Amino acid sequence: MPHLPHLYGAIATRARKRTVYAAITGGQWISDIKGALSLQVLIEYLQLWELLSNVELQPELEDVHVWKFTNSGVYSTKSAYEVLFIGAIQFDPWERIWKSWAPGKCKFFLWLVAHNRCWTTDRLAKRGLNNPSKCPLCDQVDETIDHLLVSCVFTRQFWFNMLQ
Amino acid sequence: MDVLCHLIRKASEEQLLQPLARRALQHMISLYADDVVLFLRPTADDIGITLDILQLFGNASGLTTNLQKSSVLPIQCNDFDIATLQESLPCQIAEFPCKYLGVPLSPHKLTKAQAQPIVEKIVDRLPSWKAELLTKAGRGILVKYVLTSMVIYIMLALELPPGVLKAFDNIRRSFLWKGRKDARGGYCLLAWPKVRRPVFLGGLGISDLQNLGWSLKLRWLWLQKIEPRKAWAFFPQSSSAPGSCILCIGC
């Protein structure tokens with residue numbers, strides 16, 4: 001069901017309490033729309049009209065409750081917990097880190113790398129802890145986590161041999 | 001145990017036991033596993049009859065009630081009621097929260113001091129794990145699946161005060177980064193609110209206790225809709241009947 005806020009706003013307050021059954025029988029919901037109609041309301045009206053054109057109520061069937069965040073329609077705590085994070089910003093490399101078959105400690109390390117939380121000299125220097133600031137492998141560039149793992153000459157040779 | 005339930009119900013139908021409240025409140029006995037709760041009016045007659053029923057049941061089934069191990073909890077009782085209780089019942093008068101099925105029960109929200117035993121129970125687990133021999137990833141797994149799941153049972157039933165949730169977070173965070181129950185900021189490489197997000201949002205997948213509590217308690221609303229006839233459907237609305245007392249029986 002799409003959101004139809006403008007159309008909902010055009011409905012008389014008393015009519016909002018109608019049951020679905022009462023609203024659909026005889027197209028009651030149409031005559032519930034009151035007041036001057038803006039363009040938005042008209043668009044939403046047509047949307048709803050289209051949606052409802054195929055709906056047919058089956059009065060002999062009992063109503064059931066459905067939890068819409070699981071496939072089975074049954075409440076689960078896990079789904080409710082995940083609903084609370086809807087709209088949060090995704091962490092892109094999560095699948096590459098956590099779905100790999102590497103041992104747990106390596107995955108944990110990579111997770112820290114992705115968050116840039118390893119004590120390399122650039123981060124130590126920011127806190128006033130002075131270590132030799134050049135990369136110990138090539139002694140040319142400042143030691144950062146990106147340099148150590150990717151761009152250092154030594155590392156590149158290493159990756160090259162590994163992936164050959 | 002079913003028989004005991006029927007005996008009590010029979011007694012109340014025959015009006016040997018006075019009703020608890022003017023509203024139809026029929027739930028006078030609650031039996032789960034090895035804990036029994038009886039709701040009574042604090043009059044000498046009622047208590048005498050209940051003790052007789054328990055005696056009868058004990059003789060017939062061999063499940064005798066140990067009154068020394070049981071306790072009475074007055075709900076909205078005046079001094080006169082309490083005096084009656086002391087006279088006619090040989091068990092001690094306790095105060096809320098009382099432990100029923102491992103959950104501290106109380107008519108009010110738990111205070112931080114009352115919830116302290118739960119925190120300590122979790123702290124007690126830590127020394128037996130050889131934390132310094134584990135990697136951070138290993139400790140992360142322990143936090144995620146053991147420390148967090150220990151509170152799920154309690155949180156399903158109760159709303160814990162925020163201070164207690166904070167204490168839990170402190171324990172979990174310190175154990176993850178340092179393997180102890182208290183670690184200061186420097187050891188913690190990533191801010192805790194980020195660590196406790198789901199993995200696909202950049203965390204470790206450790207549960208956020210507040211959100212977890214909400215989603216656990218949401219189940220009661222769902223059950224209310226799905227099975228409105230069960231006893232728990234009245235759970236949130238029910239208030240304790242005035243002038244009644246609980247007899248907690250430890251078997």
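Over which residues of chain B does pLDDT stay under 50, and how many contacts beyond four places in sequence does the model have for them? The stretch is residues 236–251 of chain B, for which the model has 50 such contacts. The legends below describe close-up views of this predicted model.

**View 1. Confidence along chain B, from strand β7 to helix α6.** The mean pLDDT of chain B is 78, with 86% of its residues at 70 or more. Strand β7(B), residues 244–250, has the lowest confidence in the chain, with a mean of 42. The highest value in chain B, 90, belongs to helix α6(B), residues 162–178. For the model as a whole, the scores are ipTM 0.73 and pTM 0.75.

View 2. Chain A has an average pLDDT of 85, and 99% of its residues score at least 70. Among its elements, helix α3(A), residues 28–31, has the lowest mean, 79. Helix α10(A), residues 153–163, has the highest, 92. The domain assignment divides chain A into domain 1 (5–52) and domain 2 (94–163). Between the C-alpha centres of domain 1 and domain 2 of chain A the distance is 59 Å.

**View 3. Helices α1 and α2 of chain B.** Helix α1(B) spans residues 2–13 and helix α2(B) residues 44–61; they pack at an angle of about 150 degrees, with axes 11 Å apart. An angle over 145 degrees counts as roughly antiparallel, and α1(B) and α2(B) are therefore roughly antiparallel to each other. Their crossing is right-handed. From α1(B), the residues in the contact are Val3(B), Leu4(B), Leu7(B), Ile8(B) and Ala11(B). They meet Ile49(B), Ile53(B) and Phe57(B) of α2(B). This contact of α1(B) with α2(B) has eight nonpolar residues, no polar and no charged ones.

**View 4. Helices α4 and α6 of chain B.** The axes of helix α4(B), residues 112–125, and α6(B) come within 10 Å and cross at roughly 15 degrees. That angle makes α4(B) roughly parallel to α6(B). The crossing of α4(B) and α6(B) is right-handed. On the α4(B) side, the contact is made by Lys112(B), Ala115(B), Val119(B), Ile122(B) and Val123(B). On the α6(B) side, Gly163(B), Val164(B), Ala167(B), Phe168(B) and Ile171(B) take part. By class, the contact of α4(B) with α6(B) has eight nonpolar residues, one polar and one charged.

**View 5. The contact between chains A and B.** Chain A gives 21 residues to the contact and chain B gives 22. On the side of chain A that touches chain B, the elements giving two or more residues are α5(A) (77–83), α6(A) (94–98) and α7(A) (104–114). The largest share of that side, five residues, comes from α7(A). By class, the side of chain A that touches chain B has twelve nonpolar, five polar and four charged residues.

**View 6. Helix α7 of chain A against helix α5 of chain B.** The axes of α7(A) and helix α5(B), residues 136–157, are 7 Å apart, and the packing angle is about 95 degrees. α7(A) and α5(B) are therefore roughly perpendicular to each other. Gly104(A), Lys105(A), Lys107(A) and Phe108(A) of α7(A) make the contact with Lys136(B), Ala137(B), Gly138(B) and Gly140(B) of α5(B). The residues of this contact of α7(A) with α5(B) are two nonpolar, three polar and three charged.

Note on methods
Residues numbered from 1 in each chain as written. Chains lettered and ligands numbered in written order. Predicted model: local features only at pLDDT ≥ 70, side-chain atom pairs only at ≥ 80, totals over all residues. Axes fitted to C-alpha atoms, helices over the stretch in contact; angles between N-to-C directions. Helix = DSSP H or I, 4+ residues; strand = E, 2+ residues; numbered from the N terminus. Parallel < 35°, antiparallel > 145°, perpendicular 65-115°, else oblique. Left-handed = near helix turned anticlockwise from the far one by under 90°. Contact = placed C-beta atoms within 7 Å. Nonpolar A, V, L, I, M, F, W, Y, C, P; charged D, E, K, R; others polar. Domains from an automatic or database assignment. pLDDT = per-residue confidence, 0-100.
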